[in-house]
Each structure stands twice: as C-alpha cells, then as structure tokens.
Amino acid sequence: MTRFLVAGFLSVFVLAQNAASSAADKVDVSFGDASVLGNGAKNGRYRVDFPPPPEGATDPHIYSYEPACVTGVDDVSARICNRLNSKCADKPNGVLVQWYRSQASGPQDWRSAEQACMYGGEPPERPGGGLVVAVTERQLRELPIVAPLLGAQPGRHTLKGAETNLYAEPAEQSFELTIAGRRVQVRVAPVEYRWSYGDGTALSTAVPGGPVPPAQLGERTETSHVYRSTGDVTASLTTVFAGRFSVDGGPIQPIAGTAAVTSVPRDLSVWRSEVRLYADDCNTNPNGQGC
C-alpha cells in the first residue's frame, strides 16, 4: 500500500494498490476546520462527505475518489504516476484523483465524474456538475425589491361619498445573484395588490389600477373606494411579488414562494360636500345667491 501525503496535519490518503483492499483501510481526513470522512472502498476508492452546500444549492449526490494511478514497484508505473501528478504541480503535494458520483438515495450507482487535483492541507473541492441551484423563498424576500408608488385621485383631499381612486405604479425588476459560484438571474413581477383604505376596509386585487382622466374623477374603478365619514385617514398598499430565475443563462424556472413589500402610505383628508339648489340664473343675474 502506498501513502500520498496530502494534508498538513496528521492526515494521509490511504490508497490501496489493488482490488484486495480490505474494509479496514479507513482514514479520517481532516483539513483545518473542515472534516470529511474517508471510507475504504473497492479498488482503493474512498467516500467523501462534503459539508452542506450554501443556501440556494442542493446536492443529491454522494462522492468517492481514487488516485488516478498507484505507484508500483517498477519504474514504468512510477514514471506514469509522476507524469499524471505533474498536472497538479501548482501547489505542493498535489495528487491527481478520479472522482465518482452516485445518487444519495436509492441503490448506489457510481459513475465517473471528473479528474481533479488534491493538495496537501486543503479540503478537496466538490466535483463540478453535482449541485442543483434553485433560489429559495428567503433569498427572494431578501432581494431589494422596490415597492410601487401609491397614487391617489383626486389627491390629498377627497370627498365623502365619492369614489377615491387609489392605484399603484409597479414595474418588473431584475437582480443578479451568485450561488455556489454560479450566476443566477432573477426577475420579479407583482401578482397581488393588498389595499388598506385607512377606514377599516381592505381589498385584494390582481390589477394595480391606474389614474383616470379629470372628467372621470369620482367614478368607480377596480381599486377605488368610497369613504363614508369625514376625517383624516392613511391609505396603504402591500404588493406581493413572484419570481423566476435562470442559472448561467439556462431555462427560466419559477421560485417557490412570494415576497411582499409595502409602499409609502398616503395621508388623505376626507371632506363633506353639499349640494344646494338656487332659483337665480347666474347668466342673467351674476350677483345672485350661489353665483
């Protein structure tokens, strides 16, 4: 059995020369603060349990490795190993290994993953292609989503008994994240508007509403509200956003969950209006009552 020194502490990779490796060939491989467990496997292969991936990434695989070559007693095998391991000469104690990957659930079906270098005193890097990246609901809610502006017609002052038109001015927004070293594009768009009119009434809509022409002020809209009492009120709006993401320019996928953001509230003053009838014709008597 040949030993390659690959850790700066008391750790070694125990590499079996042939298929006769026994189950007793085990080694705990420690790399500073990161510890992985190496288990002797057939043909000198060793299982590695990596630390959990970062948020937004999952790994449904388990991994094992074996040396790309095993130094034998003859000069030919030594030259072959020296040539292979020379690919890992960027740092001291470099060893070329072959990685294998299997699904973590179900029967183990080890398949070749990639060849990579291991260096003394450094934790091994997870082979590429195994991580599944998906933006989480928490990551979605932590995005700096800008809340829509809350508009009101006729404005700061409105009338009791008339339709006060509240509306939102939303926009789709884009963000870029880096998850497990991969570029993730995120787009968010509003899917629900939750209106609170300040007088104890509320409404949820799928539309943001919008401003109306001056001639239509006081008319009913999908997001308008009639105040039944005079006084000062504060109207507010919470907008619910859903998101989609793409990893490294790949297909667009939905994000599970939503994010709710609150707009700056609007203070309104509800006034009373009075209608009176007068007999004078202001065209003929401009100084008449009510003219």
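Q: Which residues have pLDDT under 50 here, and how many contacts does the model have for them beyond four places in sequence?
A: Residues 1–43 stay under 50 in pLDDT, the predictor's per-residue confidence from 0 to 100. The model has 95 contacts for that stretch beyond four places in sequence, a contact being heavy atoms within 4.5 Å. This is a predicted model, where local features need pLDDT of at least 70 and side-chain atom pairs count only at pLDDT 80 or more, while totals for chains, interfaces and linings use all residues. Residues are numbered from 1 along each chain as its sequence is written, and side-chain values use heavy atoms, with hydrogens and water left out.

Q: And what does the chain average in pLDDT?
A: The average is 81, and 79% of the residues score at least 70.

Q: Okay, disulfides. How many are there?
A: Two, taking a disulfide as a pair of cysteine sulfur atoms within 2.5 Å. One is Cys69 with Cys81, their sulfur atoms 2.0 Å apart. Cys69 sits in the loop between strand S7 (61–67) and helix H1 (75–85) and Cys81 in helix H1, so this pair ties together parts 12 residues apart in sequence. Helices (H or I, at least four residues) and strands (E, at least two) are DSSP runs, numbered from the N terminus.

Q: Are Cys69 and Cys81 buried or exposed?
A: Both are buried. Buried means under 20% relative accessible area, exposed means over 50%, and partly exposed lies in between (1.4 Å probe, protein chains only).

Q: Which cysteine does Cys88 join?
A: Cys88 is joined to Cys117, with 2.0 Å from S to S. Cys88 is in the loop between H1 and strand S8 (95–103) and Cys117 in strand S9 (residues 111–118), so the link ties together parts 29 residues apart in sequence. The angle about the S-S bond is -80 degrees, making the link of Cys88 and Cys117 left-handed. Cys88 is buried at 2% relative accessibility, whereas Cys117 is partly exposed at 28%.

Q: Switching to aromatics: how many pairs?
A: There are six aromatic pairs. Rings of Phe, Tyr and Trp (its six-membered ring) pair if their centres lie within 6.5 Å; planes under 30 degrees apart are stacked, over 60 edge-to-face and the rest tilted. For Phe50 and Tyr63, the centres are 5.5 Å apart and the planes at 85 degrees, so that pair is edge-to-face.

Q: Where do Phe50 and Tyr63 sit in the chain?
A: Phe50 is in the loop between strand S5 (46–48) and strand S6 (57–58), with Tyr63 in strand S7, 13 residues apart. Phe50 is buried at 15% relative accessibility, and Tyr63 is buried at 1%.

Q: What stands opposite Tyr63 in S8?
A: That would be Arg101. S7 and S8 pair in the antiparallel sense over seven bridges; strands pair if DSSP finds at least two bridges between them.

Q: How many bridges join S8 to S9?
A: Six, and these strands run antiparallel. Tyr100 stands opposite Ser112 in S9. As for cover, seven of the nine residues in S8 are buried.

Q: Last one: where is Thr164, and what does Thr164 touch?
A: Thr164 is in strand S13 (residues 163–169) and is buried at 0% relative accessibility. Not counting residues up to four places away in sequence, Thr164 touches Gln153, Thr158, Ser224, His225, Tyr227 and Leu268.
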